[in-house]
Amino acid sequence: MATRLQADYPQYWENFWTKPGHVGFDQPELVRDDLIELDTTVKRVLYANDLLEDPTLQTAELGQVRALAALFAAMNNMWHIPMAVQLDEIPDGYILGAGVELTSGAAAGRKLYVLGGHQDVELVDSDGEAANLRFTGVEPGDRIRVDNHAFLAYCYYYRHHLLPWEPEYDFLRVDGQPLYQQYELPEMSPFMGVKHTGRIEGKLLWVHHTHDSSLWPPQGLGFKANIEREYGVELAHTKFRLRWTENAEHVPPNMAASVLGRANTTYLVDYQPIIEQSLADLVDWVENGIEPVDTQYDYRDGAIVLPATAKERRGIQPVVSVTANGGARTEVAVGEAVTLSAHAETPPGAGTIVGLRWDFDGRGTFPRTEDLDGSQAEVTASTTHTYDAPGTYLATALVESHRDGDVSATSRRIPNLASARIIVR
């Protein structure tokens with residue numbers, strides 16, 4: 001959408017940096033450290049296979065770049081298209097979303113955008129012909145400009161383009177009036193469908209994830225509000241339910257990059273078993289009239305807040321907490337034993353706890369498994385662990401529940417997790 005938004009709605013992008021009422025002008029210190037303005041040259045162009053096979057590119061920091069390159073090359077048959085570039089200089093700032101423009105050579109004038117990257121390696125995409133070509137025709141030594149002024153302005157775009165009927169934007173209003181100058185709402189992106197109306201013939205069970213960075217959590221509230229506006233709250237409740245999945249992203253962990261030094265399976269869950277169970281619940285609702293349980297939540301200052309206990313939260317996901325030496329954080333000496341405790345409970349009617357595994361150091365190996373028989377809806381488990389080197393460690397308990405208490409089940413094992421921080425001196 002980037003090229004189209006800048007071409008069709010040009011006023012905002014300049015005003016963000018030059019006019020009062022915009023962060024780029026009023027509080028430039030908030031974006032200064034992330035700003036990139038780099039004119040440099042191309043060192044080499046990279047194909048998907050280069051990213052997957054070149055020994056110099058097999059770093060942990062480029063893990064997501066490799067995964068995305070392989071995904072898009074396979075989906076779009078682009079193994080023969082150079083999708084990434086290695087620069088002669090390293091951009092100093094926030095690279096994701098930065099604009100990349102070729103300023104010399106056969107591809108001069110082509111505009112691309114950074115999908116992912118680290119240091120001097122950048123994976124790009126665009127729209128139209130630029131998306132098809134990427135770095136085709138680009139040679140080492142060609143001039144290239146990397147600039148993220150537009151992306152940083154886009155990070156604040158939502159403040160200035162409020163949808164008047166959407167409750168998720170209420171935290172940006174006072175007495176119903178926007179806090180910030182408003183601009184014309186852009187047309188719906190052709191890449192992402194059309195605006196939903198809320199008019200549905202049958203029944204819909206919406207499952208939304210609290211850590212979804214591609215479809216932000218408040219979007220679930222917008223759909224719920226649309227249905228309630230169409231049918232009224234009482235009738236809408238016969239058609240629609242909203243469930244929240246705690247600690248889940250837009251994609252399963254195996255499709256998302258881990259942060260440096262910590263496997264993402266220690267802070268994200270695979271939501272697919274939740275979809276499996278929710279599909280079964282939807283069938284029961286449609287065919288047998290058994291109403292599915294939704295999730296209780298609050299919406300405060302633009303954030304989804306879930307109740308602390310399973311009974312209050314409802315839904316189908318177990319609620320988990322972990323302590324180290326009795327707290328969320330503890331400090332110990334090298335070789336000193338740490339007592340770790342995990343508490344897990346399922347919401348009413350959501351089955352029992354069938355699995356609890358421990359990961360002690362963020363590697364995601366989960367080497368310790370508790371022996372559970374699947375008979376309890378509430379479980380507390382404790383273990384001890386020692387660390388032989390200084391550092392900061394996050395000990396994680398991964399818990400699974402099952403509607404029927406089947407410890408040997410291979411599907412519908414509903415996950416959640418929690419961690420405690422251990423600082424070893």
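Modeller: Two strands pair if DSSP finds at least two bridges between them. Strands are DSSP E runs of at least two residues, helices H or I runs of at least four, each numbered from the N terminus. This is a predicted model, in which local features need pLDDT of at least 70 and side-chain atom pairs count only at pLDDT 80 or more, while totals for chains, interfaces and linings use all residues. Residues are numbered from 1 along each chain as its sequence is written, and side-chain values use heavy atoms, leaving out hydrogens and water.

Colleague: What makes β3 and β6 a pair?

Modeller: Strand β3 (residues 99–102) is joined to β6 by 4 bridges, and the two run antiparallel. At least two bridges are required, so they pair. G99 stands opposite D147 in β6.

Colleague: Which strands make up the closed barrel?

Modeller: Its 6 strands run β1-β2-β5-β4-β3-β6, with antiparallel pairing. From one strand to the next the twist averages 45°. Helix α6 (residues 63–76) packs on the sheet, touching β4 (111–118) and β5 (121–125), at about 130° to the direction of β4. Those angles run from 0 to 180 degrees between N-to-C directions, with axes fitted to C-alpha atoms, for helices over the stretch in contact.

Colleague: Why is Y157 called buried?

Modeller: Buried means under 20% relative accessible area, exposed over 50%, and partly exposed in between, with a 1.4 Å probe and protein chains only. Y157 is at 8%, so it counts as buried. Y12 has 1%, so it is buried too.

Colleague: Why is the pair of Y12 and F16 called tilted?

Modeller: Rings of Phe, Tyr and Trp (its six-membered ring) pair if their centres lie within 6.5 Å; planes under 30 degrees apart are stacked, over 60 edge-to-face, the rest tilted. The whole structure holds 14 aromatic pairs. In this one, the centres of Y12 and F16 are 6.0 Å apart and the planes make 50°, so the rings pair and the pair is tilted. Both sit in helix α2 (residues 11–18), 4 residues apart, which means about one helical turn between them.

Colleague: What makes the pair of Y12 and Y157 edge-to-face?

Modeller: Their planes stand at 85°, with the centres 5.2 Å apart, so the pair is edge-to-face. Y157 lies in the loop between α8 (149–154) and β7 (173–174), 145 residues from Y12. Both belong to one aromatic cluster, along with W13, F16, W17, Y154, Y156 and Y183.

Colleague: How do you know what span to expect of α9?

Modeller: The expected span is 1.5 Å times one less than the number of residues. α9 (residues 218–231) has 14 residues, and its 20 Å from first C-alpha to last is close to the 20 Å expected. Just after the helix, G232 takes a positive phi of about 85°.

Colleague: Which residues touch the most other members of the largest nonpolar core?

Modeller: Such a core is a set of buried Ala, Val, Leu, Ile, Met, Phe, Trp, Tyr and Cys residues joined through side-chain atoms within 4.5 Å. Of its 24 residues, V322, V338, L340, L356, W358, Y387 and I422 do. Elements giving two or more residues include β13 (319–324) and β20 (414–424). A second, separate core has 19 residues, among them L38 and F135.

Conventions: Contact = heavy atoms within 4.5 Å.
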